[in-house]
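The following paragraphs lead through a structure, from single residues to the meeting of its chains. Please keep the sequence and the model in view while reading.

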Number of protein chains: 2
Amino acid sequence: MKDQASVIRETDGEARRLARTLLRSARYAAIAVIEPETGFPFASRVLLGTDIDGVPVILVSGLSAHTRALNADPRASLLTGEPRKGDPLAYARLTTQCLAESVERDSAVHTRIRTRFLSRHAKAKLYIDFPDFRFFRLIPQSASLNGGFGRAYILDGSDLMILSAANEAVAESADAVVRDLLALDPDLARKTAIAHKGRAGLDWAISGVDCAGFDVISGDFLLRHEFDVTAQTRQDIYSHISNMKYSIPEI
Amino acid sequence: MKDQASVIRETDGEARRLARTLLRSARYAAIAVIEPETGFPFASRVLLGTDIDGVPVILVSGLSAHTRALNADPRASLLTGEPRKGDPLAYARLTTQCLAESVERDSAVHTRIRTRFLSRHAKAKLYIDFPDFRFFRLIPQSASLNGGFGRAYILDGSDLMILSAANEAVAESADAVVRDLLALDPDLARKTAIAHKGRAGLDWAISGVDCAGFDVISGDFLLRHEFDVTAQTRQDIYSHISNMKYSIPEI
């Protein structure tokens, strides 16, 4: 029944996996920035995506309060992990302290992020190319995981990054990777969703494949599957999927 | 399809009512504070209540990161208004810029806030009296309402306060006021819930009566009814309720 920092536990693999899942499965987040005129903290809501290296990305209007703030001071804090029924504080949430980097348009990074973002937020295609919209990469510096009452952990920024030599290659061939995965198991998206407590009756699709796992998506629902070990080659991803099958209940 | 500050509209009565409802019907909020050691913004989650004058209140552990931050710098930002299905940015949300005041234990204010908080968060009775827990009143200084795409408004802190000579009297006789309301209409809680799109099949109770309106609560669900005009006497509340009946569909 304590709050965030009462007892900091030793950060273990389970805590890291929970933290990564909370960050990478969040469709939106509360973002805290510093108001340039007043120095006040300012909390608002942003749509969230992830880059191929696990870095959270936001798509924002240049006219918004948080964008003006980040242009003046790149320090930002993201709160992810939404409560469901019952006591809101019983649900795990993650505070990620980040430094924001504006993403240049017409760059390879922009193209990569734009593709990944649209595969998660299809409706953003209505405004993603408006001239006043831009992406920020929010580079994690550290994080505080609150896994529910009395379960607090401190993480390094690097705990939330995906460190793999195959990042670029996987990003460039994401569509092909998804096709290969579905060739391995045409029912992979639905099985993964069910393994992560998603509804069986929905149409699930694979999106956001990276070297640490992949997302399954159905309309507003987004679930994240994390591999046990980060893939260092594209082939590693297929091996992880093949191993994974046995831990998913057959439907 | 613009973000927060693209076009600030003129703040009208409808915007004020929406902002008040977003703040007063929130069971929890994202809070942004300033980390004392680093100056970084820090976002976390808090349970939310309201004091009799409309001031939002939080119950926090003295060991938590946000409490340590507020002790060093009272500036805080609250984000309320949770998305439901569909595009998260299509839902209204409110950012309230506040100055935090610690509430002294064994004061009349503490007793008043404690009673109101427990009527909203019954489970908090497990830890509300722990010696390291305390309340802060978060006095609104200003607020930004984002009513969905292209509907941005700026509010004064006073727009979110309940200014009435009857505040103290209503707080002291809250149980009697609820009894009187139920004598006027035994079905008032359920009718109010239905008028505010709550589920008809649940058991609804009245809680949190104040001079600007009242809450109806059923387990995790909290809905807020705002009067058209702030009551200046306890009798005014009964008149508002009697007038209100006609705007609620008969079941």
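A:Arg17 is partly exposed, with a relative accessible area of 32%; the classes used here are buried for under 20% relative accessible area, exposed for over 50% and partly exposed in between, with a 1.4 Å probe and protein chains only. This is a predicted model, in which local features need pLDDT of at least 70 and side-chain atom pairs count only at pLDDT 80 or more, while totals for chains, interfaces and linings use all residues. Residues are numbered from 1 along each chain as its sequence is written, chains are lettered from A and ligands numbered from 1 in the order in which they are written, and side-chain values use heavy atoms, with hydrogens and water left out.

A:Arg17 forms a salt bridge with A:Asp228, their closest N and O atoms lying 2.3 Å apart; the term denotes a side-chain nitrogen of Lys or Arg within 4 Å of a carboxyl oxygen of Asp or Glu. This pair links distant parts of the chain, 211 residues apart: A:Arg17 belongs to helix α1 (residues 13–24) of chain A, and A:Asp228 to the loop between β10 (221–226) and α7 (234–244) of chain A. Helices (H or I, at least four residues) and strands (E, at least two) are DSSP runs, numbered from the N terminus. A:Asp228 counts as exposed, at 72% relative accessibility.

A second salt bridge joins A:Asp51 and A:Arg137, with 2.5 Å between the closest N and O atoms. Because A:Asp51 lies in the loop between β2 (41–50) and β3 (56–61) of chain A and A:Arg137 in strand β6 (residues 133–146) of chain A, the pair ties together parts that are 86 residues apart in sequence. A:Asp51 is buried at 0% relative accessibility, and A:Arg137 is buried with a relative accessible area of 13%.

In chain B, the salt bridge of B:Arg116 with B:Asp210 has its closest N and O atoms 3.6 Å apart. B:Arg116 lies in helix α3 (residues 108–120) of chain B and B:Asp210 in strand β8 (residues 205–210) of chain B, so the pair ties together parts that are 94 residues apart in sequence. B:Arg116 is buried, with a relative accessible area of 12%, as is B:Asp210, at 1%.

How do the two chains meet? Chain B and chain A each bring 55 residues to the contact, where contact means heavy atoms within 4.5 Å. Between the chains there are two salt bridges; B:Arg45 forms one with A:Glu82, the closest N and O atoms being 3.9 Å apart. On the side of chain B that touches chain A, the largest share, six residues, comes from β2(B).

A:Ser77 counts as buried, at 0% relative accessibility. Its contacts, leaving aside neighbours within four places in sequence, include A:Ala30 and A:Thr95 as well as B:Pro41, B:Phe42 and B:Ala43. The side chain of A:Ser77 reaches the backbone nitrogen of B:Ala43 at 2.8 Å.

Key:
A polar contact is a pair of N or O atoms within 3.5 Å; within protein, one must be able to donate a hydrogen and the other to accept it, and residues adjacent in sequence count only if both atoms are side-chain atoms.
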